[in-house]
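Trainee: I have a structure to learn from. Can we go through it by question and answer?

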2 protein chains.
Amino acid sequence: MKVVIIGGVAGGATAAARLRRLNEAAEIVIIERTGYVSYANCGLPYYIGGVITDRAKLTLQTPESFWDRFRIDVRVRQEAVSIDRGARTVSIRRLDDGSVYAERYDKLILSPGARPVDPGMPGTDSERLFTLRTVEDTFRIHDFVKREHPQTATIVGGGFIGLEMAENLSERGLDVTVVQRGSHLMPTLDQDMAAILHNNLRKHGIRVLLDANVTGFSALNEGIRTALAEGAPLDADLAIMAVGVAPESTLAREAGLELGLRGAIKVDEHLRTSDPDIYAVGDAIEVKHAVTGKPALIALAGPANKQGRIAADNICGIDRTFKGSQGSSVLKMFDLTVATTGLTLRAAQAAGLAADAVVLTPANHATYYPGSESLVMKVIFEQNTGRILGAQIVGGAGSDKRIDVIATAIRAGMDATDLTELDLAYAPPYASAKDPVNMAGYLIENILEGRVEQVGWSEALELAACEHGSEASPVLLDTRTADEVARGSVEGALHVPLDELRERLDELPGGRRLLVFCQSGLRSYVACRILTQHGFSCANVSGGYGFLEQTLRDGALPPSGTGPCGRQV
Amino acid sequence: MKVVIIGGVAGGATAAARLRRLNEAAEIVIIERTGYVSYANCGLPYYIGGVITDRAKLTLQTPESFWDRFRIDVRVRQEAVSIDRGARTVSIRRLDDGSVYAERYDKLILSPGARPVDPGMPGTDSERLFTLRTVEDTFRIHDFVKREHPQTATIVGGGFIGLEMAENLSERGLDVTVVQRGSHLMPTLDQDMAAILHNNLRKHGIRVLLDANVTGFSALNEGIRTALAEGAPLDADLAIMAVGVAPESTLAREAGLELGLRGAIKVDEHLRTSDPDIYAVGDAIEVKHAVTGKPALIALAGPANKQGRIAADNICGIDRTFKGSQGSSVLKMFDLTVATTGLTLRAAQAAGLAADAVVLTPANHATYYPGSESLVMKVIFEQNTGRILGAQIVGGAGSDKRIDVIATAIRAGMDATDLTELDLAYAPPYASAKDPVNMAGYLIENILEGRVEQVGWSEALELAACEHGSEASPVLLDTRTADEVARGSVEGALHVPLDELRERLDELPGGRRLLVFCQSGLRSYVACRILTQHGFSCANVSGGYGFLEQTLRDGALPPSGTGPCGRQV
């Protein structure tokens, strides 16, 4: 059996190694367009940032090491240009001399990855404009930085690569601006959670430009100008284009293979394309989203590696299926961890699910043990069933742990009650006796079982403001201590500290709905329980004042001190 | 409704607060024997160690704060002495004046915890011998250390409290000896995994005495002598007795409530005792083990807190069940994390399960990103079904994360294939594209699907040694590089580096079984795949040479250079 694999990173390399372990006799060929095989593609930004200092660490595997260990024939700087499915051959071009030859296959695995989106605007050929995909790209940016000592950088696009480059260039001392077309960075976050990320970037001196459309680039004397649809252009010593990736499916399309979403290669659950002798894996394929069950594009290393192994198994007669991706991801941004899994609230609602979310701000471990850090955690659930649909955590150490636990719970189809029952490892340096994941389950359970109603800040502010003064308008109630209120609150909110609430119920306006908040949402929940049992109509404002503060600082609510309907906030 | 709760820590305090949130009208009374309520019991050793410096941090909650927030009547330094189930009253003794009064209840919750086991040996009344359970115990030890400046400590018992005390006293500069009756510390670990812990303790200057029976204590001039059944007694400035805990069930027994395992209070899944008006939670109850389904005692804060909430719900008419504990736990021991969930291999086999285990040594995150740390990970599975039964991780940062993920997987009834499919969050600072949990799944899957056989070190050494020289005896094969072998190997093992294996197959003894090892088990697995396909009979030695080294350093295999049957190791 002869297997040809197009693309020697992540999925392709994994498939090749697994094939060999399963079959000593197979002939295995990897065709790789770049000069490197199985390189550390997720580590590339960190080489530019000087976090990884040794070039060799990015390229631990070589064609020679693949041959020595696995007898895999890795041909770098060669490109598959066409597939003759009838003859079962691939035409391959040697990039060094342009010569083309045909390679026969019994089975073909396509692992071509995804390419940086080229929005096709003027000036993208500037030698000061970079994209980052390959080791060569990395060395190009790295060498530019060492040679030219740039002081400023414009980064177009605020996804994983854009932000990792922003962090790394900033850590190298550059003055960095991130330009994002949408209303917030990181589409894996909801807007409200992204506010925390925005504030963190600004805290570290990175400028964040949102809702900004780049229209093109032009050369300056010793620089590059990024033109925007509105406002002054951005001048910098270099620019990075990282506006997302698109499936690299030209080869598949030209071979007549069936394509799906945004041109991604369609595969069945065995990762077989519409041609039974051709498999496809990695960023180029359409997958089933593990939460919605709908087609999705998920360009991440984890699924690619898993898929490579599954394709190899199926080729060797082991029946193995890929059941879908849920997009679990994590990003380090200075001292902050941004981790997500499953659907955002927005994506869940867009998928037609009756979704809601809770926001909590737990500590990563017992607060009486030194060094605890705070996490802001948003967990998305289905309203009728309590099924967990997704989670976002932006915070300190331990954020990635809770996302992985929830990712596992989502995989298992768990609901809120299941989260409350998870038996997680506790000791003061690591967690709390009720882990943040358990707490999220409790919050959701209380909502689902009708024990408390909740309302988001935007709705709360609007409700309280728009009917302001009317007898029927809801009233904001701050249940924090006087000290906390003195440091800032929502203007016009009533203030009764939780511990005085029972004595001061007669100060509250009867017949008007109370929108209760505290710093994080815990005390206001207790207050709601008291108030409800005393006949008041009330709702807990999700996320508390701390969450509102992040949004206000981010400027996402109308700035200059006015909320909706002109209310001061 | 009037609810009386016996015991105001963990389960009791949680039950009380939840009761109030559910029912503003209920009368809620907590009877607490110590002077403190809802204190940080898992933090006590760290106050003695000086890690937590503020006394107030251990006792954030007070009877006053419980009253202010929850209108809960907390009576400290009072002890329940008997229950009159017919009259539904509890007799309570005020410890300060010895007076006794009766308190009526509609519902009673028992949360008395567990008491340190008193092995009833001579000299346990020494004023230099301490146990650690309460805040008062903590202050007693702390004050002794500050006053007497002890230089040496003997700790009897190597479970959680013993080891946390060992670490904390050692960090304070004391010379510490831990004495353990069994063959290894931490019964939540298998012997082979405990070796790593033993070595770590010794590295930090703590003496570890295993298989040692303490027979009593006696006073020295300015010290305490711990007598052993064999060998010289241990003299120290203080001693800590931490040989485990037993359910505090005297009150329940005398009230005629049904008891279970080792005298623990029997409850149904609603946490109701044999008296429908009496609930019990926490360390005093018998629970269902979530993996075996059999009765178990699991004295941990996490389950206690969950149980408190469940008891409160049921009392308030919310149907809620406790489905069992799986004993997830974590211990910090200097720079090492010791985390476990579910069953050890030994416990699984003792429970009659056809269990096996894999051992792997992954890095906690991509090794090309600075600061990666190594984890030793043992995952226990059921041989026929692949169901995950338990896991133990001893290692650096991220050990607790993987245990929590596996704990969640166990909860969901996942099998090895499910582990391979977990979609966990990856970026170089946090994980690898194939997370250690995925890798464990792959290892198990390969065994279950017959792709590789494995053998443990003790079996491998015995097989290779006992039939040494015979034509039929198995042969150890070291597949590491020459450099690695030069740093140490098993005497008599053949040596063929993996990358030369295919060329040197004719050097291998035909017809004899090959027991193949490398440093961690990964290269030897690849070697086994090669060998099997070339017709050799072989098995992969689980855990690799690194794992054997830990065992040898621990002295758990016969010392002085000889393995079983006199073979040099």
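Trainee: Is Cys528(A) buried or exposed?

Mentor: This is a predicted model, where local features need pLDDT of at least 70, side-chain atom pairs count only at pLDDT 80 or more, and totals for chains, interfaces and linings use all residues. Residues are numbered from 1 along each chain as its sequence is written, chains are lettered from A and ligands numbered from 1 in the order in which they are written, and side-chain values use heavy atoms, with hydrogens and water left out. Buried means under 20% relative accessible area, exposed over 50%, partly exposed in between (1.4 Å probe, protein chains only). Cys528(A) has a relative accessible area of 0%, so it is buried.

Trainee: What class does Cys42(A) fall in?

Mentor: Take its relative accessibility, which is 22%. Because of that value, Cys42(A) counts as partly exposed.

Trainee: How many disulfides does the structure hold?

Mentor: A disulfide is a covalent bond between the sulfur atoms of two cysteines. Here the test is a pair of cysteine sulfur atoms within 2.5 Å. Over all chains, the number of disulfides is zero.

Trainee: Which cysteine sulfur is nearest to that of Cys528(A)?

Mentor: Cys528(A) is in no disulfide. The nearest cysteine sulfur is 3.5 Å away, and belongs to Cys538(A).

Trainee: Which residues of helix α17 of chain A are buried?

Mentor: Helices (H or I, at least four residues) and strands (E, at least two) are DSSP runs, numbered from the N terminus. Helix α17 of chain A covers residues 544-554. Its buried residues are Gly544(A), Tyr545(A), Phe547(A), Leu548(A), Gln550(A), Thr551(A) and Asp554(A).

Trainee: In what order do the three strands of the open sheet in chain B lie?

Mentor: Two strands pair if DSSP finds at least two bridges between them. The pairing in this sheet is antiparallel. The edge strands of chain B, each pairing on one side only, are β4 (78-84) and β6 (100-104). The order is β4-β5-β6.

Trainee: Which residue is the bridge partner of Ser91(B)?

Mentor: Strand β5 of chain B spans residues 89-94. Five bridges join β5 to β6(B). In β6(B), the partner of Ser91(B) is Ala102(B).

Trainee: What kind of axis relates the two copies?

Mentor: Copies are superposed by least squares on the C-alpha atoms of residues with pLDDT of at least 70 in both. A rotation of 180° with 0.0 Å of shift along its axis superposes chain B on chain A (RMSD 0.0 Å). The copies are therefore related as by a two-fold rotation axis.
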